[in-house]
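Good morning, and thank you for coming. I would ask everyone to look at the structure on the screen while I speak.

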Amino acid sequence: MLSIIPGKKVSQLDQAHIQREGISGLELMESAANAFVSWFIDKFKSPEVPIYIFCGPGNNGGDGIAIARLLYQMGYQISIIKFEHLSNCSSNFQANFNRLPKTIPIMDFDTFEFILPEKTFVIDAVLGVGLDRPLSGIYLDLILKLNGLSATKIAIDIPSGIPSDGVLVGDAFHADYSVTFQFPKLAMLFPEHALYTGEIIIVDIGISDGLLNQFGEDKFFIQKKDLAIRHKFFHKFSHKGDFGRVLLIGGSPGKVGAILMASRAALRTGSGLVHCHLPGSESSSSLVVAAEIMAVADSELEMLDNFDAIGVGPGWGIQNDFSFFESLLNRFRKPVVIDADGLNTLALYPHLLKLLPLQSILTPHFKEFERLVGDCSNHLERLEKARSFSRKNNCILILKGAFTSISLPNGKQFFNSTGNQYMATAGSGDVLTGIITSFLGQGYSSENAAICGVYHHGLAGELASVSKKRGMIASDIIEAIPETFVQMQIF
Ligand SMILES: NC(=O)C1=CN([C@@H]2O[C@H](COP(=O)(O)OP(=O)(O)OC[C@H]3O[C@@H](n4cnc5c(N)ncnc54)[C@H](OP(=O)(O)O)[C@@H]3O)[C@@H](O)[C@H]2O)[C@@H](O)CC1
Ligand SMILES: Nc1ncnc2c1ncn2[C@@H]1O[C@H](COP(=O)(O)OP(=O)(O)O)[C@@H](O)[C@H]1O
Ligand SMILES: [K+]
């Protein structure tokens, strides 16, 4: 798992890497610059478009200077705009500055005229993880001017002005792309910063995962390579019992679609037997949607132990008479997945939280989450509250959205890397409930069911949206689930 290191620890991480590899800080900066340049030339094959690189006084500026040299040597048209007198700049900035070919134009910010050609690249190497206060003065002035340009804007490491682990105060660079070194900075995963970070590209500068883990605290970014060991593999003699018998409970008159989508998603995730409990008059609808789903009668709910996993809540309606929910939580001693109206019922009747089977998985979106924990003024506060909620209630809290976070009772938080904006469509969360319930039923631990669940769900959304874009609907996500296993070679 890729550790997310707090900004204030990055220079210690650098030092440890430098010592371990026996390299200099300048060589590390060269690796960072090379990583950026590889991405850039692969993405934009247009050396005729002028590139303006704005360099602050620290190592972020130093990266900009090194990138300027490398791109210039490849034939790109480069101009550098710097802020400070060289003597006020970091030593690696100075060393890179002294290596610049004399033919690169270098201008000072205070005399620079902001009249750029129509088609340009603007590279922000003003401030990186060393930012320690909101932008003001000439820095704010510059960023506001840059934001007004119509260029393609690229931030090095992090858009200048965004604090690496906190919430923006004031303004920051509006990047189309943020090319970040080795790991995403926590603040880049906050919805408040979506318009500033643009597309996030993580480039490898050679720091090992092991070293990152030494400096990381408890936050991780989920990557494809982390997934295989969390999956179960079945063998030639596996039978449908091995793939689990799951029960999805939800639906209410006029709202049966939600729980049926969860049930279909469980089938597509590989569950051997999928049962669905709908309110009495609606119970035959499941047969119309997928013949493979078995409708469960009220009387069969007496024998919950027959099921390997239960998911509850989509389309259910608030359970003001919570006696059934209470008895389910009391009787079923394996983890339960709770979503939607299951969560809303817990928010209204919080004493039920005490009955949660250990390691149950709750999957709120922001609104459902705030019903459970109270209002949050920003994402940092949401994450803190998610962590304490998970600890206090010994459950796994999946806070859904872009970069869905998974909080474990031991304090660890994982951030998902798959998914896109086209998944913001009715029923997409119900699909996630079905996927996670299916993994639990197949015998995955709650942690693995949660991590694999959000990853596959997001990937299915990405695959389905390739041709559908904003016309994608939740059923398209369900149909793309099998392809996620094929892509990841998990059979
Ligand atoms: N392992 C890695 O990831 C690697 C990281 N590398 C790169 O290093 C970057 C971090 O470099 P860094 O530590 O020198 O800090 P950086 O962001 O350049 O700024 C510090 C300067 O800004 C100033 N300052 C602060 N806030 C301010 C404000 N609001 N307004 C105005 N000024 C402000 C502060 O001065 P102060 O006034 O506080 O004394 C100081 O001079 C990192 O983001 C990445 O790009 C790579 O080179 C190699 C591998
Ligand atoms: N911009 C986005 N990027 C990535 N994933 C998203 C985005 N918007 C929504 N999603 C995902 O789509 C799902 C929406 O769930 P939810 O809000 O419960 O929808 P519904 O209630 O309609 O089923 C969540 O899993 C969420 O992570
Ligand atoms: K920057």
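Predicted model: local features only at pLDDT ≥ 70, side-chain atom pairs only at ≥ 80, totals over all residues.

By class, the shell around ligand 2 holds five nonpolar, ten polar and two charged residues. Here Ala, Val, Leu, Ile, Met, Phe, Trp, Tyr, Cys and Pro count as nonpolar, Asp, Glu, Lys and Arg as charged, and the others, Gly among them, as polar. Of the 17 residues around this ligand, H365, A402, G419, A424 and G429 come nearest; a residue is near a molecule if its C-beta atom, placed from the backbone, lies within 6 Å of it. Helix 14, residues 428-441, gives the most to the shell around ligand 2, namely four residues.

Residues are numbered from 1 along each chain as its sequence is written, and chains are lettered from A and ligands numbered from 1 in the order in which they are written.

Let us turn to the chain. Its secondary structure comes to 16 helices and 18 strands; helices (H or I, at least four residues) and strands (E, at least two) are DSSP runs, numbered from the N terminus. The C-alpha trace spans about 85 × 45 × 40 Å along its principal axes. For 491 residues, a compact globule would have a radius of gyration near 23 Å, and the chain has 26 Å, which agrees. The radius is taken over C-alpha atoms, and the globule rule is 2.2 Å times the number of residues to the power 0.38.

Which residues are closest to ligand 1? They are G58, N59, N60, G128 and G130, among the 30 residues that surround ligand 1. Helix 1 (10-21), helix 2 (25-43) and helix 3 (59-73) each supply at least two residues of this shell, and the largest share, five residues, comes from helix 3. By class, the shell around ligand 1 has 14 nonpolar, eleven polar and five charged residues.

Helix 3 also packs with helix 4 (residues 91-98), at an angle of about 15° and with their axes 8 Å apart. Axes are lines fitted to C-alpha atoms, for helices over the stretch in contact, and angles run from 0 to 180 degrees between N-to-C directions. Helix 3 is therefore roughly parallel to helix 4, since angles under 35 degrees count as roughly parallel, over 145 as roughly antiparallel, 65 to 115 as roughly perpendicular and the rest as oblique. N59, G61, G62, I65 and A66 of helix 3 make the contact with N92, F93, N96 and F97 of helix 4, two residues being in contact if their C-beta atoms, placed from the backbone, lie within 7 Å.

From helix 14, V431, L432, I435, I436, F439 and L440 meet S446, A449, A450, C452, G453, V454, H456 and H457 in helix 15. These residues divide into ten nonpolar, four polar and no charged.

How do helix 15 and helix 16 lie, roughly parallel or roughly perpendicular? The axes of helix 15 (residues 446-468) and helix 16 (residues 474-487) come within 8 Å and cross at roughly 110°, and the helices are therefore roughly perpendicular. H456, L459, A460, G461, L463, A464 and K468 in helix 15 meet D476, I477, E479, A480, I481, E483 and T484 in helix 16. By class, this contact has seven nonpolar, three polar and four charged residues.
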